[in-house]
Structures are given as C-alpha cells and as structure tokens.
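Take a look at the structure below. The text walks through its domains and then its chain contact.

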Amino acid sequence: MIQLDLTRRLALVATLAVSALPVLAQDGEKPAETKEKPAEPADGEKKKEDEEERWFAIQNGDVYTGTGEVLRGATLLAKNGKIHSIGYDLYVPPDAKTLDAKGFRLYPGLVAISSQGLLGNASSDFDDTIDPFNSRMILALGTGITTTGAGTAAVKLKRFSVDGAVVNEKIFSSFSWSNSNPRVKGELRDKFVAATNYLREYREWQRKVKDDKTLAEPNKRGVDNTVLAVLQGEQTAKFVSNDRDELLGIAHLAQEFGFRPVIEGCQEGWTIADELGRAGVRAIITPRDRRAKDERQVLAGGASIENAAILHRAGVPVAITPASEGVDLSGLVGRDIMHLPLEPGFAVRGGLPERAALESITIVPARILGISHRVGSLEIGKDCDVIVTDGDVLHYKTFVQWAVVDGKVAYDKEKELFFAHIRPRPEAAAPKKIDAGETPPDPDAKPDETDEDVEKKDGEDEPEEKGDGDEPKKDR
Amino acid sequence: MLRSQSILFGASTALLALAGEPLAASFGNGPLAIRVGRAETVTKGVIENAVILVEDGKIVTIGEDLPVERGVQVIDRPQWTVMPGMVSSYTRIGLDSEGGDDMSPDVKASDELWPKSRDMRKVVDYGFTTLGVYPAGNGIPGLAAAIRPRGETVAEMILKDPAYLKIVMRSDSASKKRIRDAFAKVDEYEEKVKKAREKWDKDKDKDKDKDKDKDKDKKGKKDEKPAEKPAEKPAEKTDEKKMADPDAQDVGSEAAQEGKTDAKDEKKADGFVPPAPDDKSRSFVEMRAKKLRALVTLAGAADWLHWLDALGKETIGFDVRLVLNQDSDIYFVFDKKTYDLDADGIGDRKVHAVVEPVLTFTPHTRRLRNLPMELAQAGAKVCFTPRTDNLDNYKEFLGHVSELIGAGMTRDVALRALTQNGADLLGVGDRVGSLEKGKDANLVFLDGDPFQPATRIQAVMLDGRFVFGEVDS
C-alpha cells in the first residue's frame, strides 16, 4: 500500500513538474488555475469509503499527456470523472470500470474553439436545450472533440446527462477593427480611453474613501460595460481580422490598454508576428485558408503556410480551427469540424512543431475559453476527458476508438454505426472482452489475463454475442 | 372440439332450441353464458374452451368448460376467440384538433365529449371499449379522461375523470420553465395552507383552553399538511372513514384525534378547510399529493433527460407518451445501463409508455428497429395507441400490432399493451383490461387468433351488451 501511494505521488510530482513549465510560460493570465491541481490526490489518499465513488481506468495505453510527455503502457485512473492518477502499477479498485487500450494511444480530448450544431438544434441556453444524442455530437466525439466553444459559451460534449455540460459562459465579447471603417476604430479607442479613466478614478476613490467616507463614487455614465469587463479580465475581447494593418492596430490597442485579445483569422500575422507576440495576442487560425497579397502593398503580405509556425515562434499561442465549424457534408471534403485534427497537419507542414500542433487543438483553445483548469491536457485533477486513438491523433489515417468524457465512455467506434466498418478494431489489439463501460465488469472473466488467455479468447467472440443477444440490439 | 361438450352444453342447446329466436334483444337482463374455443384473459393466461358468465354488465365468472346452470342463456361459438376489449389510452378520435394554450392544466378533455360523435362510436366496432381522451394542445394542455366510447350522455361515458395530466416536454427552456414554475406555485400554495392552518389553530386555542395532548395533535397535523390539502375536492378517496360531518375530510388529523371522545371537539378539529388552490395550480397540487399522474409526451431521447432535470427532486407519478417517428433516437434512454446514463432510463422507472405500433429505423439508416419491443424488454409497460386518429388506423390496429409481433415482440406483451396496460395507465385497470371475475364485460370476439391477418372481429360486447356483430344462438 505504501509503495502504491508512493508511485502515485511520484506520478503526480512528475506530471506537475512537467506541466508547470508550459503553463507558466504560456498562461500568464491565469496562474490561479494551476493551484487547484494538488487538491484532488490528497482527497484520494484519504480513502473515505464512499459508495458514490466512481472509478474508471484506461490501461496499457501510451499516454500522451498533451504537456509533452509520453508514458508508454501506462494506466490512467479516474475517480468521479476527474483524473486521479497516471502512471504504472497503479492500484485500480476492483469495482472500477476498465478499458484496455493496449496498442492504442491516449490523448486529451480535443477542444474545438468554435463549432456549430454539435449540441443539438439550439444555439443558446445549452443547459436547457442540449441534445446529447444528436448525431452531430456523436460524429464530433468520433472526431475526438470533447469540448467545444459554442456561441460565447464553452460546453462539454457530455452525453448521458444534460446536467453540467456548460463549463463557462459569456467568454467572448466581439469587437470590430476594420480598415474600411475608421470611425468604428476611433469609437472603440474612445471607449477604451473612457473605461480606463473610469477604472483609474474608481481605484483612486477606493483608496481614498477609507479616509473620507463622504467621497462620491465616480460616475459610470458613458462607460461601456463590455469594454470594462475586458479591461478587468472578466471577458475576452475577440476580433476577426486577417489584414496586416488591422492586426497591427489591434496589437497596439491591446498594448496601450493592457488586455490580451483573441484574433480569429490572423492570416497575415506572420508578417508582424513579433508585434503580435509582444502584445499578448492569441490567434485562432485555419492553416489552409488562403489570401492573396494586396499588390499595392510594398511589405510582405498574403497567406503563408508558415503562418502558424512563425506566430508560435514569436510567442503567440495558436489555436487551430477548420474552415467550416459545423458538420458539413457539402463543399470540399475534409474542411469541416469532423476534420479538426487534420487541420494542424497543414501547420506542421509549414514548420509548426508537432507538440504545438497538438496544443493548438487542446490546451490552447482551452485557455482561450478559460477552461484550461478542467480540460486540454491529461493532468491530475483535471476532467477525465480522454480520447483513445489507433495512431497519432494528427495523422489522416487515425481513428478515435473511444472518447471518454468525465470518466465515462461517450463514444465507441465499434458501437456507433458511422465508422465501425472502416478498419474494424482488431481483436488482438483489444484482447480482453471489450468493455466500454456498458456492462458491469465481469468478476470471473478478468483479473490477470496473460497474453495466451487473450489469444485463446480471440477466436470466440460468439459466446459474447450470445450473452448480449436478448438485449435490444443497439446500432447494428 | 366436440371433446369440450359437456352434458350441460347439451342441456343448453336444448334450451336455446326452445327459445329459437335471435337473442340480441333479450341479452340485456338475466345472466348470459358465452362459450368460446379460446379466451385470451391477458392476466390469467389462455383458457381453452372457455365459458364466460356475464350478468349486469360484469363478468361473473370465467373458466374452462364451466358447467352452466339450467335456464341461463348460452351463446356457443367454439370457433371463436375472445379477448378483452381494447384500450387506447391516448386518443382524440371524433374530436376536433383545436388546441389549448401553453399552460392550461385546468382544461378537461371530458368537456369536449359529444356522445353522438360518429367516429368515437365507430371505434367500438373495431374492438375498442375504453378510451383515454386527452385535451389537444402543446405545453400543458390539460386533463385527460377515461371513457367508454358509447353512452347516451357524457356522464354515462366517463369512467374516470381526470385520468392523467398531459404534459408535452421538449428540449427547450420554455418547457422546463413551465414545469419548474408550476411546482414553485405549489410551494407557494402549500405555504399558504400552512399559514392558514396555523392561524386556524391559534384561533381555536383562543376559543378553548386546551390541554397538552391537543398541542401534540396540532403538530401531527402540521406535518401531514402538504399531503392532505387537496383532499377537499375529489370525492373518491375519503370513503373509508364513515364520518357524519361531511366537512371533516382531514384523514390525518382524524387519526391523530382518535383518542378524543368529545364529538364536538372532533368536528372542530377537522373543520379546518384549507384554502382552495387556484385553477392553474390544482393539477400540480394533486400530482405532488400523488393523486394525479402526468403523461409526458417525449419526442426524443434528450427530452427524457430534460424532463427528469426539470422535475428535479419532485417525486410525482408519471407515465410517458413516446412519439415514434421514423428515426427516433429514444432508444438511447430505454435503460440506464446500455448507454451508461447518469439518470434512470425509461424502463428503469417501470412507467407506462404509450406508443404507436410501428417499426422505425435506426437514425440515418434503413435498419429496422422494434422500439416497442425494446421498450418492453427494458422494463417499461407498453400501451399501444393507433398510429393516428384516423378510423382506418383503428380498423387496422390489430394488423399493425401483428407487424411488431412478426418483428420479435412476444404475443403476451402485445396483448397486455392492447388492454390491461392502457387500463392501468388510465387508472381503471381494476375495472377493465382483462377477462377476470368482477371486471366489466367488455369483450371482443374474433374468428381466430387476434394477430392472424385473416382474423376478423365478429362481435363486440360493451358492459355486457352486444354492440357490434350479428349474435344469435
């Protein structure tokens, strides 16, 4: 027991140590989030025998934590939907549901910075309208997406429950900054000036009012609440822009007033990457988007396949989104949300490191959505949102075999009818009775199967079939 | 066949030979014995060579080869099968489609009844002897009634009113808000009742100086208050206490005061009349007191989860109406286990589920699914209702159900879904729905197995009278 706890603690220390670096390096604005992590394992060690405990383990897979580490053949253990521990020789409680991922890889569930239609037909009020059974959600889970931005909210693709899917609301406030409309630019700047002045006066008043209680609170009239929320860090300012001059203008505005904007598009960002990096800009880009250079412009311009790589090198966190945000069965194949993991491949082609490419669809969008304390990487204390793939998640040939949300299997390729027939999961790769959480663990089938047992079992999937025969057939 | 003939059978034929005239007219009064080749009792299995004795509209007895007393009229149809009259617990046949507004839980479908409705009278010919008539509309359109489809007056038609409150649940904020607001109103009402009771108690204390066990009684009353306040209006359930005072309907406090000898005192104690809930709240007050059930219409799997979410901690009794459109995804929530739901599945709750007898497709495919069968396997009590309120669907009803049997549903489940389950859903399961001693004599006579395509309904008996078919001896 002591040994086990030690292992667990070591694993924790290891993960924390490695996770601390990137988090501190890239996530200046939310240092508080990382503090939550150590709380969970301590709770686990208390070991209060609570009936409510729900354990889930994914065993023998290669764990790509999304923070740069790979733990080959490791076990990921989740308790009540949160990652409890990652490591080797973990004690897995006997009542835990398990998933054997031997030969497969584990990645953090992907985060789509923005999407449409995955949550049902409604576009707001997701707590009351989410349809966890609609086929677009199944397809998105099959893509590996476990969290998505939708409108101004961040929502988990939580099936099996309509409760607690929305993890963050009112994230963005959109602003316009366009060369074609200088007046709007001027007005926006004025709003920032007014809000800044108000904040200054307010702080002054806060300081002085302690001594002189009669001082009146500064007048808020004429101050734009949205801009105020941005300046106070309560909301994120989002711009859509691709033009070099516009990007520069936004960067200067951000630097002048001290906020970190999110810029969607950013196609000419590579020409002024340093400026954007200094201004703390975060970019949402689509590497395959193309834009011709304005020939009247002397300086560099137009789209570049290197855009993501150059921005990344300049310290701009890059989130990647496909060209179409819905499940799109028309137009060019492979540009909709179902191809989210393919899109960063085009950035890798242009020089983006593979790790940054993975982060562009996991932790970076999670940070932009303000939910990186819960999703975006496999770290202890975070939500157990894991995808199990049969290869590199960025590779075109790779399929998501299972998607796990909150420690429950939300998608099983073999069970859903969309991709089950394409390169069916080889029995040898998943030797044990494939238990995706649908059936309670079979007490006499499990405990320590050797490979021989496994091979013997391979040929005989018939009895299993029979066992389930009288149940309603699910999808086939 | 002949094996079944008893001495009594001989005797009765002799008697009938004597009578020698069509009996349809004279069946009304005295006892009548009907001898058939086979009886599908639904609750008690199959009885071969069954004899059913009917008197005063009730089944007096049913059994295999029962001896029939001399003098009892006998109808002898060894080639026939009898089953209970069918129950459609969810119908608007013969009524128009005008809907109520979104929140009208006080509207009663029974107000729309029209005894002369041709379509409603016609469904009896197709074997339907009990109907659950619901009010049209979306949101919470109102209260359904259990009726017999023929009667000279509305009162004669009604078996139970209200039978259930219809609620239409959709995955949207408005639907959930309606439910939550309605129960919030009940909370307010209960608070009001509590205050009124306190005030009443105080006044009473002022009136009479009382000893200590009185205080005890009061406490007991207060605790029971929420459950008993709707006791004032439905007359059905307070029969068990034989009280002289008609106002004294407070069962709980009566029990608490049993020790008292002073009759005057007792009357006073029970004299508290809680304020009446307003019309919109009444149904919900009764539901929370478990005196009324809801029938919740769900179109998709998500609706079920949102319904449970909207209910929150409320523990009202409810059943479901599932709209089985062509590619319904409702199977995701049939049970908790298959898809690892956080909440209970429909089957886990053992609710009644009203469905059309249709085969559907797995969404986006042409793969047939037998959802009513899966529903029954998951533990729900399936109740069939015709596909639409079109007379043709009533006429072909048994055929539609046979399609599901062909696709794997068992006969027993299908038979129950046609009869007893629907009766239970309507709250009249002790009166109709099966062939049992003491139940209403609603009988459907067929010339073969009900689920064989060539079988035709030969006669229908409603409350002991033949209302369809040429029946003479």
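Domain bounds here come from an automatic or database domain assignment. This is a predicted model.

Start with chain B. Its domain assignment gives domain 1 (1-85 + 433-473), domain 2 (86-178 + 281-432) and domain 3 (195-272). Domains 1 and 2 of chain B are each written as two segments.

Now take domain 1 and domain 2 of chain B as a pair. Their C-alpha centres lie 31 Å apart. Contact between two residues means C-beta atoms, placed from the backbone, within 7 Å. On that criterion, 20 residues of domain 1 of chain B are in contact with 26 residues of domain 2 of chain B.

Which elements give two or more residues to the domain 1 side of chain B that touches domain 2 of chain B? They are strand 16 (457-462) and strand 17 (465-468) of chain B. Strand 16 of chain B gives the most to this side, with three residues. By class, the residues of this side divide into eleven nonpolar, five polar and four charged.

Next comes the contact between the chains. Chain B puts in 27 residues and chain A puts in 22 residues. On the side of chain B that touches chain A, helix 4 (173-207), helix 9 (301-311) and helix 10 (371-378) of chain B each supply at least two residues. The largest share of that side, five residues, comes from helix 9 of chain B. The residues of the side of chain B that touches chain A divide into ten nonpolar, nine polar and eight charged.

Conventions. Residues are numbered from 1 along each chain as its sequence is written. Chains are lettered from A and ligands numbered from 1 in the order in which they are written. This is a predicted model: local features need pLDDT of at least 70, side-chain atom pairs count only at pLDDT 80 or more; totals for chains, interfaces and linings use all residues. Helices (H or I, at least four residues) and strands (E, at least two) are DSSP runs, numbered from the N terminus. Ala, Val, Leu, Ile, Met, Phe, Trp, Tyr, Cys and Pro count as nonpolar, Asp, Glu, Lys and Arg as charged, and the others, Gly among them, as polar.
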